[in-house]
Amino acid sequence: MAAPSICVPGQRLGRLDDNTTSGNGTYERNGFIYSSLAGYLESKDIDDGKKLVEVRTDTKKNIVPSVDAIVTARITNVTPRFCKCIMLSVGKTPLNEPFRGMLRKEDVRATEKDKVEMYKCFRPGDIIVARVLSLGDAHSYLLSTTENELGVVMAVSEAGATMVPISWCKMKCPKTMSEEPRKVAKVQPQFLQYSGT
Amino acid sequence: MPTDSRRITGPETSQSPHIYQKTNGTEIVLIDENKKRQDGRGLGDIRPMFLRAGIVSQARGSAYMEQNQTKVICAVYGPREIARREEFSWKGQITCEFKFATFSCLHRRQPQQDGEEKDFSVQLLEALEPAVCLHKFPKSQVNVYVTVLQDDGSALAAAITCASVALADAAIEMYDLVTGCSARISGGHILLDPCHTEEYRSEKDNTVNNGSVTLGLMPSLRQVSAVTSKGELEFEHVKKAMDQCLEVCQKLYPVLQQSLIKSVKEKLEMDKLSDCHTT
């Protein structure tokens, strides 16, 4: 990498015209692009001949959960109507600070919503993948697992072993061979390397 | 204000060192016949400044600033979840806590925030808020903690500058940095960047046209984000002082830039090193 040009917030990066667009870490004002981060400048060509100007900081990304983002979360408590969890990462970026999320009973699966029993879907300690439904109320974000790809990805059985999924609603303990109900996520093969096991 | 009963205060009988102080009681001459100030500066001269970003390792971002004997450290945490029950808001929040360390001033400060510190906290918040892209972190909060380690005048101005650098160091998205500067107005004279003995105190300098002005400027946008004045001042003087402060703020901008560039470079180096170790 050649000596990167480093910019600070408020620094003018260039004129905003038809061929340039401002990307992350920048903002537009009075026909100019300004930096909004202390980081290094990166401009790359995107399709249709446009140039994207970005300011990046590799070390630490300040990310907060946003609507429609895929988050990884750990279930903290389960009640008949909802379960609460702590979000651990957004996409591939781990969160620096924990954010609380809430998964309501009606957002667990897409079909037969009224027959959902929370205890048969999640247990405290499970790692789930969910989508952020909305920013929710003042306390917690609202999450949803109404897709095949969303749900429990890692769970520990009562015997203390990591369970293996056997169907979309069951997981099996390799130690005791007992089955436990869960809302299992159909983990996409391309994401398997992130599962950690 | 209630004092903290759990802490051990000093012995019951003691002599304050301030009664042995030289300046006590005598009139302070702000400007001598050669138009020089007590420390040899001219009226418009500011003190040399030292600024460094990325000081506190636990914090997300931090900065330390020195102007001779005025020493300020600032740490930024977040964006984190808002812990208290509050109304939902699409915008992010900043909280500021300004604190004089107990040992920072000539008189001992209490460990809790007193009125002046609360006042400064609000002024600091108002100076920083316009510069931060609050919409980038909805529903979350950024905490800014400023501690004055030693107060030799212009602490608020230093805090504004230091906090804005710390915010930028924490990679919080901002429209611009904020630089602070203060001026003391005494009679017809304007003393930039006053030190402790030159600072305006309402209890002794209560004649007309005695006061101080503190200003926060976003240098690249050329916008004033905060301005406060103390004392009974004529508008002409306030305006003149503000203009001079603006000029100084613009002059300070490269110092802020340099310190941030240095910290970004250091971080990039660190990244490279850690990449080498992992691969």
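User: Into which domains is chain A divided?

Analyst: In this predicted model, chain A is divided into domain 1, residues 6–57, and domain 2, residues 70–195. The C-alpha centres of these two domains of chain A lie 38 Å apart.

User: Why is Cys276(B) called exposed?

Analyst: A residue is called exposed when its relative accessible area is over 50%. Cys276(B) has a relative accessibility of 55%, and therefore counts as exposed. Cys276(B) belongs to helix H3 of chain B, which covers residues 235–278.

User: Is His196(B) buried or exposed, and what makes it so?

Analyst: The term buried requires a relative accessible area under 20%. The value for His196(B) is 18%, so His196(B) is buried. His196(B) is located in the loop between strand S7 (189–192) and strand S8 (210–218) of chain B. Apart from neighbours within four places in sequence, its contacts are Leu106(B), Asp151(B), Asp152(B), Gly153(B) and Arg201(B).

User: What makes the span of helix H2 of chain B close to the expected one?

Analyst: Helix H2 of chain B, residues 155–169, has 15 residues. The expected span is 1.5 Å times one less than the number of residues. For H2(B) this expectation is 21 Å, and the helix reaches 21 Å from its first C-alpha to its last.

User: How many residues of H2(B) are buried?

Analyst: Of its 15 residues, 15 are buried, and H2(B) is described as mostly covered. After the helix comes Ala171(B), which has a positive phi near 60°.

User: How do you know that strands S4 and S5 of chain A pair, and in which sense?

Analyst: Pairing requires at least two bridges between two strands. S4(A), residues 26–29, and S5(A), residues 32–35, have four bridges, in the antiparallel sense; the two strands therefore pair. Within this arrangement, Tyr27(A) has Tyr34(A) in S5(A) as its bridge partner. The two strands form a hairpin with two residues between them, and Asn30(A) in the turn has a positive phi of about 50°.

Note on methods. Residues are numbered from 1 along each chain as its sequence is written. Chains are lettered from A and ligands numbered from 1 in the order in which they are written. This is a predicted model: local features need pLDDT of at least 70, side-chain atom pairs count only at pLDDT 80 or more; totals for chains, interfaces and linings use all residues. Side-chain values use heavy atoms; hydrogens and water are left out. Buried means under 20% relative accessible area, exposed over 50%, partly exposed in between (1.4 Å probe, protein chains only). Domain bounds come from an automatic or database domain assignment. Contact means heavy atoms within 4.5 Å.
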